[in-house]
Amino acid sequence: STERRTAAEAASVNARSAQGLIDELAALGVEPRDARTLSVTLTPVYTDERDPNGRGGKRALTGYLARNTLQIRVRDVGKAGAVARALVDKGANVLEGVAFEISDGEARLDDLRAKAIGDAGRRARLYADALGLRLGRVLEISPEATFYPEGGVADVALRRAGAAEGSGAAIPLAPGVQKLQAQARVVWELVQ
């Protein structure tokens, strides 16, 4: 974010700052595909001026706010805090948040989905055997919602971001553990 008196000055200073951040990302080894512009905005900034009695007033244009919002993906979680710190040192003045995701999450979920189907079959055979029946053909398979619960089936540990090299300490990030879970509902025909 850059606030200046004129729109042209705000836009120009902000563009130089954003380019500096993009260049810094490249120097830090962030691939171009992992940095993208989400928005570029330029808005007027007003203040409300009131009369000496605190009533009424008028709106006065005081400048312009230019903002360039970048989304950055850091594939090595251990470097995320150092990258964030380096960007702050380079002039980034708004950090809108950090989100962690599992890079191979879909493959891990597919493995859990297959295990869920296998587990459904095992339990169905157990119940059918207890009743003196056999499982016939599958009548229905419906996946249940796949989600990232607090107490899931597969834990994926992410390494904690370490200390930065350079001028300041890394911004501390604690990714913790993300949990994946998959469930499936299977209906079998029961036969004697």
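**Figure 1. Pairing of β1 with β3 in the predicted model.** β1 and β3 run antiparallel and are joined by three bridges. The structure shown is a predicted model. T2 has A66 of β3 as its bridge partner. Backbone hydrogen bonds are what pair the strands of a sheet, in either a parallel or an antiparallel arrangement.

**Figure 2. Pairing of β2 with β3.** Strand β3 covers residues 58-72, and its antiparallel pairing with β2 extends over 14 bridges. Two of the residue pairs can be picked out in this view. R36 stands opposite Q71 in β3, and the partner of V40 in β3 is N68.

Figure 3. The strands form an open sheet in the order β1-β3-β2, and the pairing is antiparallel. β1 (2-4) and β2 (35-49) are the edge strands; each has a single partner strand, so one side of each has no neighbour in the sheet. From one strand to the next the twist averages 20 degrees. Helix α1, residues 7-27, packs on this sheet and touches β1, β2 and β3. The direction of α1 makes about 15 degrees with that of β3.

Figure 4. T69 is part of strand β3. Its relative accessible area is 12%, and T69 is therefore buried, the limit being under 20%. When residues up to four places away in sequence are not counted, T69 touches R36, T37, L38, S39 and E96. One of these, R36, also stands opposite Q71 in β3.

Figure 5. The loop between α1 and β2 contains L28. With a relative accessible area of 33%, L28 is partly exposed. Leaving aside neighbours within four places in sequence, L28 has contacts with V83 and A86. L28 and V83 are 55 residues apart in sequence, while their C-alpha atoms are 7.2 Å apart in space.

**Figure 6. A nonpolar surface patch that includes I141.** I117, V138 and I141 make up a nonpolar patch on the surface. Together the three residues have about 240 Å² of accessible area. I141 is located in strand β4, which spans residues 134-143. The relative accessibility of I141 is 52%, so I141 counts as exposed, the limit being over 50%.

**Figure 7. The whole chain, as context for the close-ups.** The protein has three helices and seven strands. Read from the N terminus, the elements follow the order β-α-β-β-α-α-β-β-β-β. Of the 192 residues in the protein, 26% are buried. The protein exposes about 12,800 Å², of which carbon and sulfur atoms supply 51%. Among contacts between residues at least 6 apart in sequence, 75% join residues at least 24 apart.

Terms used
Residues are numbered from 1 along each chain as its sequence is written. This is a predicted model: local features need pLDDT of at least 70, side-chain atom pairs count only at pLDDT 80 or more; totals for chains, interfaces and linings use all residues. Side-chain values use heavy atoms; hydrogens and water are left out. Two strands pair if DSSP finds at least two bridges between them. Helices (H or I, at least four residues) and strands (E, at least two) are DSSP runs, numbered from the N terminus. Axes are lines fitted to C-alpha atoms, for helices over the stretch in contact, and angles run from 0 to 180 degrees between N-to-C directions. Contact means heavy atoms within 4.5 Å. Patches are made of residues with over 30% relative accessible area and no salt bridge: like charges are joined within 9 Å, nonpolar side chains (Val, Leu, Ile, Met, Phe, Trp, Tyr) within 5 Å. Accessible areas come from the Shrake-Rupley method with a 1.4 Å probe; for residues, only the protein chains shown count as cover. A salt bridge is a side-chain nitrogen of Lys or Arg within 4 Å of a carboxyl oxygen of Asp or Glu. Buried means under 20% relative accessible area, exposed over 50%, partly exposed in between (1.4 Å probe, protein chains only).
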